[in-house]
Amino acid sequence: MTLPPALPGGAEGTLLRLVTAGSVDDGKSTLIGRLLYDSRQILSDQLDQMRETSVRRGADFLDLSLLTDGLRAEREQGITIDVAYRPFTTGRRRFLIADCPGHVQYTRNMVTGASTADCALLLVDARQGVVEQTRRHAFIAALLGIRHLVVCVNKMDLVDFAEERFTPIVEELAGLAGWLDVPDLTVIPISALLGDNVVEPSERTPWYDGPPLLEHLEQVPAEPPGEAVGGRLPVQWVIRPVGDEERRYAGQMAGGAFRVGQDILVLPSGLRTRLAGIEAPEGPVDEAFPPMSVSVRLADDVDVSRGDMLCDPDRPPALVRELTATICWMSERPLLPGARYLLKHTSRTCLARVESIEHIIDVATFAAEPHPGRLTLNDIGAVRIRTQAPLAMDPYRLSRSTGSFVLIDEATNDTVGAGMMAG
């Protein structure tokens with residue numbers, strides 16, 4: 001096997017987190033397998049195992065979908081029902097791909113895969129065009145703040161690579177992206193099975209003048225997390241002083257940047273101090289920014305505990321106990337008004353009560369049905385919540401890290417809902 005070329009200067013390259021989605025049998029797993037196969041990312045022993053499995057399943061070709069399909073039992077059934085993650089590296093950048101299931105009942109898996117993605121890669125069957133699941137997954141990507149949407153019109157080989165079949169799909173997708181306010185849409189005609197326009201340009205689409213998929217993905221910008229807010233450091237661990245050491249507060253930067261010497265606001269207490277020092281794993285640094293994990297020293301002996309947030313006093317988050325949030329419900333037990341859960345936001349966990357369910361969203365038509373009474377598995381809706389303790393939060397549109405939370409069932413400790421603060 002030929003290894004991919006080294007990245008310039010020995011650097012690892014910029015990481016792009018991708019989420020793939022589409023309807024059942026649109027070819028998501030095959031496309032990921034094709035990307036890895038054509039860019040020479042598959043080890044020889046993996047190839048041998050894939051060939052053996054393909055033959056055992058009666059295929060007369062190398063089934064590239066085997067590379068990302070989940071558990072053995074699921075592969076033998078020929079379906080993908082969980083989120084499968086796969087990293088790979090080219091000469092220009094690093095990628096982490098989340099392959100999401102296409103079934104309607106696994107909407108929550110799409111939310112999970114998209115929650116940390118920089119770019120959504122949706123597949124459309126050239127024979128079927130834009131269908132309900134296309135609209136559903138595009139809506140979820142937009143809801144979760146993904147700014148870059150790449151749509152691969154797959155199986156072009158089954159429509160004779162006809163431009164007249166591709167063009168109407170592009171026009172419909174452009175209208176959909178405009179309605180959802182997605183700023184960056186790219187549509188590429190491909191055949192994942194044959195490899196057309198996946199890694200190399202295809203001679204069978206002379207009417208398409210754009211780059212192949214991999215070349216485009218290598219150029220998609222990955223926005224730094226939390227760049228729209230000031231400095232944010234949720235305190236995960238208080239490091240007690242030993243000997244002559246000073247007390248330090250450790251966590252992962254969730255927004256903005258901190259610099260030694262700057263003023264610091266502690267929330268929810270409202271105490272103010274100054275940043276005396278920053279320690280990274282490699283030693284002292286002058287500046288910290290997402291997604292760095294650091295420990296910091298403060299100039300004053302102020303009361304700071306796990307779950308508190310250190311932030312920029314000039315650009316602080318809101319301190320809230322009542323909030324309206326968009327919730328994706330992930331439990332078979334419905335969400336009802338009056339229910340109580342644990343709410344985990346960054347490093348802080350507190351009790352919360354569901355005050356009301358404002359509306360439920362039909363993700364196929366984008367219509368909002370007011371006061372539905374409950375949310376059931378895979379439903380997405382707007383919910384008013386009251387928390388027992390104040391939370392330092394930003395609107396989700398400004399920061400995924402400080403604008404999101406999960407709801408946890410106290411009795412089972414199961415995560416039952418994912419939430420995004422409105423605003």
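Buried means under 20% relative accessible area, exposed over 50%, and partly exposed in between, using a 1.4 Å probe and protein chains only. The model here is predicted, so local features need pLDDT of at least 70 and side-chain atom pairs count only at pLDDT 80 or more, while totals for chains, interfaces and linings use all residues. Residues are numbered from 1 along each chain as its sequence is written, and side-chain values use heavy atoms, with hydrogens and water left out.

On to the aromatics. Rings of Phe, Tyr and Trp (its six-membered ring) pair if their centres lie within 6.5 Å; planes under 30 degrees apart are stacked, over 60 edge-to-face, and the rest tilted. That rule gives five aromatic pairs. In one of them, Phe-166 and Trp-207 sit with ring centres 5.3 Å apart and planes at 40°, so the pair is tilted. Phe-166 belongs to helix H6 and Trp-207 to the loop between strand E6 (184-189) and helix H7 (213-217), 41 residues apart; helices (H or I, at least four residues) and strands (E, at least two) are DSSP runs numbered from the N terminus. Phe-166 is buried at 7%, whereas Trp-207, at 24%, is partly exposed.

Trp-329 and Tyr-341 make an edge-to-face pair, 5.6 Å centre to centre with 65° between the planes. This one joins strand E17 to strand E18, with the two residues twelve apart. Trp-329 is buried at 1%, and Tyr-341 is buried too, at 9%.

With 16% relative accessibility, Met-330 counts as buried.
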